[in-house]
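Hello,

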Amino acid sequence: MKIEVIKPKQNIAVDLLAVGLWKDWEKTARMISHLVDPKTNQWILNTLKKEKFKAKPGEQKLIPLNSNRSIQNLLIVGLGEVKDCENNLRRMAATTVRSATKIHAKEIAIEVDPILRGKSETPYQLITEGLLLGNYSFDLYKSKDNQTPKTVTRVLLLSQGKGSAKASKEIKTGEVLAEVTNYARDLINIPATDMTPRRMVEEAKKIGQLPRISCRILDQNACRRLGMGSFLAVASGSKQPPYLIHLHYRPSGRPKGRVAIVGKGITFDSGGLSIKPASGMETMKDDMSGAAAVLGLMKAISTLHLPLLEVHGIAAVTENMPSGSADKPGDVATTMIGKTIEILNTDAEGRLTLADALPYALRQKPDLVIDLATLTGAVIVALGDLCAGIMGTNQDLVDRLIASGQKTGEKLWQLPLIEEYKEDIKSSVADLKNVGAKGAAGTITAGLFLREFVDEKIPWAHVDIAGTAWTEKGTALCPRGGTGFMVRTLFHFLTHYHRPKSK
Ligand code: BES
Ligand code: MG
Ligand code: ZN
């Protein structure tokens with residue numbers, strides 16, 4: 001799909017022209033488009049009024065025009081409220097490309113200038129993201145005639161801003177961010193038997209070839225030498241060997257900061273011997289979504305030359321399987337920092353892998369650490385699939401991540417690390433146990449557990465993406481499956497980096 005900015009011109013020939021309307025359109029819109037004649041304009045305005053078009057985000061009306069005109073179809077798309085203009089622009093673009101595909105449109109145009117109300121700093125980027133995220137489908141495992149059609153080949157963004165270097169740079173950024181998000185979606189959607197730890201390593205190695213990135217892979221023996229007994233306990237039931245992936249980006253020039261991002265990388269979570277019921281296992285190929293986001297992010301960082309920051313992307317990848325060699329409830333694992341964990345439930349495996357991956361990340365001497373993990377079903381109970389839970393040891397860091405999420409349309413909601421709940425993860429035989437009180441504050445006790453493996457002097461935030469990593473119903477921006485949640489938010493966070501204020 002080629003996306004370009006051109007000046008609006010009268011004789012433009014496209015299969016579809018999309019026009020966005022804000023919620024208050026009845027008061028403000030005197031016409032639909034300069035590119036449509038006055039009579040048609042009036043007729044459309046009247047029709048929309050008659051049909052009580054509310055211009056809610058995602059609301060749309062397709063109006064076929066006379067076939068002898070150069071504009072074949074008009075698509076009126078609701079933009080909702082100006083105050084949420086950034087998310088609404090992105091969504092409008094996604095809605096447009098989907099509707100265009102339904103009518104087999106090839107060349108489409110979007111009227112950009114009239115929708116630039118509100119203060120979006122990067123409208124072309126948002127529209128580009130929306131177009132490419134909305135156009136995503138996962139068809140790798142479908143025969144040709146069953147694949148989702150991709151009809152749109154060219155998108156003209158009609159704007160007086162044509163030719164500005166800023167617009168083309170925005171489009172480039174939008175393209176890369178959507179591509180890497182879609183890449184993370186592919187990694188999640190590819191079945192677990194194909195997306196093995198080994199395959200994740202191959203993907204990481206490819207990313208390690210990109211400019212300014214290096215890739216280090218620690219195999220099982222290397223992990224054992226480091227004393228990663230907790231991570232390896234999770235891996236012990238699987239035929240697939242585990243790996244620790246470590247990507248390292250060095251910017252040109254002297255970096256002003258160093259960040260470590262850790263992603264949970266369970267390529268399939270059966271629950272292990274504490275096996276999940278069939279329904280709970282169906283989507284467990286998504287349990288490496290944190291690691292997938294890290295890989296996508298590192299790709300974006302290199303492609304867009306993130307300035308001034310050194311970034312470590314880390315993931316301990318393994319399956320969680322039952323077998324004769326699997327870890328057993330009641331086992332005690334020793335982590336690389338020496339703390340011991342009583343494994344009471346082998347399905348609480350994510351925190352066991354992070355108990356070694358987080359200390360490994362801290363060894364890189366970062367200024368801050370962020371982990372992303374499909375960690376608890378409890379976060380879905382609390383926040384559903386449109387909002388992730390965030391916890392941390394530094395309020396400024398948590399606030400900045402939440403703020404970045406507001407810009408990218410990825411909602412994060414802070415949960416409290418309630419000190420008293422630490423009682424729930426005290427063990428009678430080891431330093432900690434890996435499950436809290438049944439059915440109580442599961443996301444928070446998991447957060448408290450992880451906090452035991454970071455350094456109180458290094459700001460840390462944990463994002464529980466168990467709900468948001470996967471969409472069952474699909475949204476305008478993403479069909480059913482992996483979402484690539486946090487790739488764009490982390491990129492935004494890194495490009496607006498400030499060293500977190502101390503507490
Ligand atoms: N991978 C799951 C969490 C999960 C659940 C992700 C649903 C996506 C959708 C995690 O490993 C897990 O099984 N957590 C357990 C922890 C419990 C045993 C303390 C859970 O949430 O049930
Ligand atoms: Mg589990
Ligand atoms: Zn899991």
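Loop residues with positive phi

Leu-308 is placed in the loop between α10 (289-303) and β10 (309-320); helices (H or I, at least four residues) and strands (E, at least two) are DSSP runs, numbered from the N terminus. Its phi is near 70°, a positive value in a residue other than glycine. With a relative accessible area of 37%, Leu-308 is partly exposed (buried means under 20% relative accessible area, exposed over 50%, partly exposed in between, with a 1.4 Å probe and protein chains only). Arg-212 also has a positive phi, of about 70°, although it is not a glycine. Arg-212 sits in the loop between α6 (197-208) and β7 (213-218), and it is partly exposed at a relative accessible area of 45%.

Conventions

This is a predicted model, in which local features need pLDDT of at least 70 and side-chain atom pairs count only at pLDDT 80 or more, while totals for chains, interfaces and linings use all residues. Residues are numbered from 1 along each chain as its sequence is written, chains are lettered from A and ligands numbered from 1 in the order in which they are written, and side-chain values use heavy atoms, with hydrogens and water left out.

Zinc site

Donors are N, O and S atoms within 2.8 Å of the metal (3.2 Å for Na, K and Ca); water is not among the atoms, so sites may look incomplete. For the geometry labels, four donors count as tetrahedral if all angles lie between 85 and 135 degrees; four count as square planar and six as octahedral if opposite donors are over 155 degrees apart and all others between 65 and 115; anything else is irregular. Asp-269 is buried at a relative accessible area of 3%, and Glu-349 is buried at 1%.

Magnesium site

Protein donors of the magnesium ion (ligand 2) are Asp-269 (OD), Asp-347 (O), Asp-347 (OD) and Glu-349 (OE), lying 2.0 to 2.2 Å from it. Why is the arrangement around the magnesium ion (ligand 2) irregular? Its six donor atoms subtend angles of 70 to 168°, which makes it so. The spacing of the magnesium donors along the chain is D-x77-D-x1-E. Asp-269 coordinates both the magnesium ion (ligand 2) and the zinc ion (ligand 3), which are 3.2 Å apart. Asp-347 is partly exposed, with a relative accessible area of 22%.

Ligand 1

Ligand 1 is surrounded by 16 residues, the closest being Asp-269, Lys-276, Asp-347, Glu-349 and Gly-377 (a residue is near a molecule or strand if one of its heavy atoms lies within 4 Å of it). An oxygen atom of ligand 1 is 2.9 Å from an N or O atom in the side chain of Asp-269. For Glu-349, the corresponding side-chain distance to an oxygen atom of ligand 1 is 2.8 Å.

Regards

How values were computed:
A polar contact is a pair of N or O atoms within 3.5 Å; within protein, one must be able to donate a hydrogen and the other to accept it, and residues adjacent in sequence count only if both atoms are side-chain atoms.
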